[in-house]
Amino acid sequence: MKMQDRSRSRRFGILHVCSVRYCQGDGMVNIIPEHVKQQAKYADTVLINLQDKKFETGLIPSFNYEDYKNIGFSRLLHGFVPDLAVIHGIYQPDLIIFWQKHIRNKMPYVVIPHGAMTFGLQRKGFLKKQVFNLLFSFKMSRNSLGVQFLSQDEKKHSLHLFYKRCFVQPNGLCLPAVHKEFSGHCHKDEIKILYIGRYDLYHKGLDLLLKACYQERLYMRSHKIYLDLYGEHKNSDIKILSRFVKRKKIDDIVRLHQGVYEKAKEEKILESDYFIHTSRLEGMPLSITEAFAYGLPVLVTDGTNAACIVTKYRNGFCAETSVRGIRELLHLAVNHKGRLHVMSDRSLECSKQYDWDIVSKETVYTYRKLITRLKKGII
């Protein structure tokens, strides 16, 4: 794809670099191309993915590893000189190699860990991560203009090493044309709780969720609470979940499904009363902000890093990331079902701040401000 002639354009230039394998239900697969496309309204943007997947970005230049290997970095950019690089991720070896070869000491950059620096994820594969941190990750982050967190909670629950040079800019979303409508003071005979995401047993806290449902099985049946889970899976986790549901005989209240997308996904959201997310570790899940946009109240654990925003807007409930905490969420969902319409309105209000046009404009402004401070010698 031909690059824009920079001599004809004085717009700010942003190079996005990632190393993401394709999985339809993976949040980074969906969110990174959107950052590139939406920021293109206010800057010239380019995306390089150091994997086989070439992301669809419309008229915005997008390249994969094969392009990079066959054409070369300089020729790939075709005269495009980035003012700033944005590195998505921190623990991918090929990303580190690219940084060392093309970005370090050559252009200013920011790092978006996408939750990878949270204490929860640091505990997963602890020894390997500590070695990687000492050799590469800490250097890459310390030499950046800043580390970009996706929420205040992610910043709060991440390694404190970067707090002097970090900032918060969230992911955005395209606000849907429709939303859930609850009748005032509704008293529903049943409560439908929805999960949409990856079937990742540990990361998404699904083991905790199912254990909580088993321990509350009598309560769920007596109050007609039904949990529907939709997701993609790349490993044996779905088999473990299925066996648990069948062995514990809770398949009447917990139902596992294949992933749903686009119109089918929207239909499932609009059919539900609450959206639940019980992650142990996240940056800021896109699925939660999507639930806000459709007017769904949410049930979240503190591991999702969405607790601050839910507490502020009172559009759902938060609890600790544990079986006990999730059991509390199930009781709160029943006890407050008469206020679903109020929480729904608050979710819609909350979602407005995540509109892509607002987020991308503010993010590009923040990037430009970082470069201005660098030129003035403030950074």
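## Aromatic pairs and helix packing

In this predicted model, a search of the whole structure finds nine aromatic pairs. In one of them, the ring centres of Tyr214 and Phe244 lie 6.4 Å apart and the ring planes stand at 80 degrees, so this pair is edge-to-face, given that angles over 60 degrees are counted in that way. The two partners belong to distant parts of the chain, with Tyr214 in helix H8 (residues 206–215) and Phe244 in helix H10 (residues 237–247), 30 residues apart. Elsewhere, Tyr65, Tyr68, Phe73 and Phe98 form one aromatic cluster.

Two packed helices are described by the angle between their axes and the distance between the axes. The table gives these values for two helix pairs.

| Helix pair | Angle between axes | Distance between axes |
|---|---|---|
| H4 (residues 93–103) and H6 (residues 126–142) | about 55 degrees | 11 Å |
| H1 (residues 27–39) and H16 (residues 356–375) | roughly 75 degrees | within 9 Å |

The angle of about 55 degrees between H4 and H6 makes these helices oblique to each other, and their crossing is left-handed. On the H4 side the contact is made by Pro93, Ile96, Trp99 and Gln100, and on the H6 side by Phe132, Phe136, Lys139 and Met140. By residue class, this contact divides into six nonpolar residues, one polar and one charged.

Helices H1 and H16 cross at roughly 75 degrees and are therefore roughly perpendicular to each other, since that class covers 65 to 115 degrees. Helix H1 contributes Ile31, Glu34, His35, Gln38 and Gln39 to the contact, while H16 contributes Trp356, Ser360, Thr363, Val364 and Tyr367. The residues of this contact comprise four nonpolar, five polar and one charged.

When residues up to four places away in sequence are not counted, Glu320 touches Thr301, Asp302, Gly325 and Ile326.

How values were computed. Residues numbered from 1 in each chain as written. Predicted model: local features only at pLDDT ≥ 70, side-chain atom pairs only at ≥ 80, totals over all residues. Heavy atoms only, no water. Axes fitted to C-alpha atoms, helices over the stretch in contact; angles between N-to-C directions. Helix = DSSP H or I, 4+ residues; strand = E, 2+ residues; numbered from the N terminus. Parallel < 35°, antiparallel > 145°, perpendicular 65-115°, else oblique. Left-handed = near helix turned anticlockwise from the far one by under 90°. Contact = heavy atoms within 4.5 Å. Nonpolar A, V, L, I, M, F, W, Y, C, P; charged D, E, K, R; others polar. Phe/Tyr/Trp six-rings, centres within 6.5 Å; stacked < 30°, edge-to-face > 60°.
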